[in-house]
Amino acid sequence: MYEKDGEKYFVVDAHTHFWDASPDNWVRGQEEYAKGWIECFHAYQGLGPKETHWPIDRFQKYSEELMMHDLFEAGHVDKAIFQPTNLRQWYKNGFNTTEADGAMAERHPGQFLVNTTFDPREGDAGMRAFEERVKRYGCKGVKLYTAEWRGDSRGWSLKDPEAARYLEKCEELGVKNVHIHKGPTIWPLDKDAFDVSDVDHVATNFQGLNFIVEHVGLPRIEDFCFMATQERNVYAGLAVVVGGLMHARPKFFAKVMGELMFWLGEDKLIFGADYAIWEPKWQVEGFVDWNMPADEDLSDFPPLTVGQKKKILGLNAARLYDIEVPAELRLDAPKVVEPVGVPNP
């Protein structure tokens, strides 16, 4: 829980990772891609404050103890949601897997929710494995990487018939939150495979699911907003928006936040720090302190209220994931007024 100026914020980090991109985990013959991927990730960390930058060896593989400290001791996070990314074509044991996330969550009960993933190109065998993971880890969400390589295939579309089969299985299993990476390209993946153009198709067809578009389709912010405003079950995942723009590109950050608030509104924005690219501490503190600049170019956008920031930082994700919020951290919590001291006669 984070407290500032008498206001308390329940923080759900809806986008976190526990990865292993160390050289020992690189697939032989795929070293160029494994190395390039993590170096591209590491370059994004440069968009945060200088004092938060890590050396590449720590970034490739960080300890469980460091992650627990950065999220729950220093980072103001109350609950964190693991979002896996397999990349088994480049990493022997996977880059950031459901199994590794689940094992860590079991060692720290009550602090993490574990999402899983699926790849429709895996067919029936993949479907059975997906169902087993959901039951094993109690998953309420999935993270999808439509640009991931598999053999000679360099991506897939949510419009694919096989993808529909998996989304039907999500509905059947109660996996209601579908997080989709639709944003900045990470080398060597293809930019077009991250396009948001396939999202409205499945959002309309699967009204029982919530589609959280991670990274809000950047740099295609207008495409995303004009699509998302018509789909009642499409949400904006703010990973990269806060971490990548708030410090390095403050004016662009204000424009993106203004567009998201105008087109989607305060109830559909979901905070995520995208650890370990960026630590949550400076993002939570900075977002609470931030507001829309007094700039003529941004005059369309009103300032954010404390209540709106509380929704974005945690209450919206808590609603989607049925996370119980302590009574004193809800928006309807009564204000505690300190009694005025009465001087002794």
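Tutor: Welcome! This is a predicted model, where local features need pLDDT of at least 70, side-chain atom pairs count only at pLDDT 80 or more, and totals for chains, interfaces and linings use all residues. Residues are numbered from 1 along each chain as its sequence is written, and side-chain values use heavy atoms, leaving out hydrogens and water.

Student: Why is V114 called buried?

Tutor: Buried means under 20% relative accessible area (1.4 Å probe, protein chains only). V114 has 8%, so the residue is buried. It is found in strand β5, residues 112-114, a strand being a DSSP run of E with at least two residues.

Student: What does V114 touch?

Tutor: Contact means heavy atoms within 4.5 Å. Leaving aside residues up to four places away in sequence, V114 touches F82, T98, D101, G102, A105, Y137, C139 and K140.

Student: What makes strand β7 largely enclosed?

Tutor: Five of the five residues in β7 (residues 177-181) are buried, so the rest of the structure largely encloses this strand. N177, H179 and H181 lie on one side, V178 and I180 on the other, and both faces are covered. In a regular strand, side chains alternate between the two faces of the sheet.

Student: How do you know that β7 pairs with β6 and with β8?

Tutor: Two strands pair if DSSP finds at least two bridges between them. Strand β6 (residues 141-144) and β7 have four bridges and are parallel; K143 has H179 as its bridge partner in β7. Five bridges join β7 to the parallel strand β8 (residues 210-214), where V213 is the bridge partner of I180.

Student: What is the handedness of the unit made by β7, helix α7 and β8?

Tutor: A crossover is right-handed if, with the strands pointing away from the viewer, the path from the first strand over the helix to the second runs clockwise. The unit of β7, α7 (residues 199-205) and β8 is right-handed.

Student: How many cavities of 30 Å³ or more does a search of the whole structure find?

Tutor: One. A cavity is a set of points on a 1 Å grid over the protein atoms alone where a 1.4 Å probe fits but cannot get out, and lining residues have an atom within 4 Å of a point. The volume is the space filled by probe spheres set on the points, which are joined across faces, edges and corners; here the largest cavity holds about 130 Å³. Its lining has 16 residues, and F41, H181, I186, D274 and I277 are the closest to the centre.

Conventions: 1 Å grid on protein atoms, 1.4 Å probe; cavity = no way out; pocket = protein on both sides within 12 Å on 5 of 7 lines; lining within 4 Å. Buried < 20%, exposed > 50% of the residue type's maximum accessible area, 1.4 Å probe, protein only.
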